[in-house]
Amino acid sequence: MTQRLIKWSSAGAVIACLLFGSCNTSSSNAVKPKTDTVVIDQMKFTPAVVTINKGDTVLFINNDIVAHNATEVNKTWASPTLNNGDSWKIVPDKSAGYFCSIHIVMTGKIVVKEE
Amino acid sequence: MKTIKTFTIAACSMFIIMLLSSTDTTAQKTPQLTDPEIASVTVTANQIDVDYALIAEKKSQNADILRFAKTMKDDHNAVIAMAVNLARKLGVTPKTNSVTQSLLDGAKTMKKTLNSKSGKAFNKAYIDNEVAYHESVIGAVENVLIPESQNAELKGLLVKVLPTLKTHLEHAKMVQKEFK
């Protein structure tokens, strides 16, 4: 009985949406958060500059033969030490430059697009 | 101070000359260093830089020197582990040769020099040597060890190590500016 009620109410909701247009304007127009990957290999962050929307995730993967990290230039955030095969993710709220504090000449940048 | 620099350059030049003279320019397809010898040179060259880092950790108080030394210790130990694992996998026993011996002789003198210094003089001597040592090792890896490696996996390991050595050199040069 309960299952039948759920089915009917779902069907009703679909019909209402078709008749009256969009059901939930705000969520259907919003861009879904995505994940961008930065690969660490051969002593480089690739891509060196990653441009994301607010709410997106940046995933760091270390494929290099030595350990690295990603540290924001003002040290507001930092990954732990990432050994070969390790990964770490962050949802940055603003644009920032970062570097590897183990190999200070390795740098990268995250650009967060303003809405 | 000039003596250290002169010695460092001389020692590194010796390393390059030893390596380059082992290459027969008239028959470049015939390698003078075998894969077991290249494995030995690779492990020895990395171990020497680990040893220099251990001296720095013991003698220096400078944060930049200590950070650099820790990176050298960790990275070169990682390369040694990779080289030893690869040699084991390939059934290759690293073979001591004249280049390995030359490296060890140079390192013995340099360790003595570093151990005789303290304070700023030590920091300068250590980082000057790191710049010169990485320059010479990069040259040797690019011009001798990679071209002469016969096994693809050994060659691949050396190719993978090269960007690490170049980044170390860049890092060392950055720290060196502090001690000019």
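**Strand pairing and helix packing**

Modeller: This is a predicted model. Within strand S8 of chain A, Gly108(A) is the bridge partner of Tyr98(A).

Colleague: Over how many bridges do S7(A) and S8(A) pair?

Modeller: S7(A) covers residues 96–99, and S8(A) covers residues 107–113. The two strands pair in the antiparallel sense, and the number of bridges is four.

Colleague: Are H5(B) and H6(B) roughly parallel or roughly antiparallel to each other?

Modeller: The axes of H5(B), residues 119–148, and H6(B) come within 9 Å and cross at roughly 155°. Angles over 145 degrees count as roughly antiparallel. The two helices, H5(B) and H6(B), are therefore roughly antiparallel.

Colleague: How many nonpolar residues are in the contact of H5(B) with H6(B)?

Modeller: H5(B) passes H6(B) in a left-handed crossing. Besides three polar and seven charged residues, the contact of these helices has nonpolar residues numbering 15.

Colleague: Which helix supplies the largest share of the side of chain B that touches chain A?

Modeller: The contact draws 10 residues from chain A and 12 residues from chain B. On the chain B side, helix H3 (63–90) and helix H6 (152–176) each supply at least two residues. By class, that side has four nonpolar, four polar and four charged residues. The largest share, seven residues, comes from H6(B).

Methods. Residues are numbered from 1 along each chain as its sequence is written. Chains are lettered from A and ligands numbered from 1 in the order in which they are written. This is a predicted model: local features need pLDDT of at least 70, side-chain atom pairs count only at pLDDT 80 or more; totals for chains, interfaces and linings use all residues. Two residues are in contact if their C-beta atoms, placed from the backbone, lie within 7 Å. Ala, Val, Leu, Ile, Met, Phe, Trp, Tyr, Cys and Pro count as nonpolar, Asp, Glu, Lys and Arg as charged, and the others, Gly among them, as polar. Axes are lines fitted to C-alpha atoms, for helices over the stretch in contact, and angles run from 0 to 180 degrees between N-to-C directions. Angles under 35 degrees count as roughly parallel, over 145 as roughly antiparallel, 65 to 115 as roughly perpendicular and the rest as oblique. A crossing is left-handed if the near helix is turned anticlockwise from the far one by less than a right angle, and right-handed if clockwise. Two strands pair if DSSP finds at least two bridges between them.
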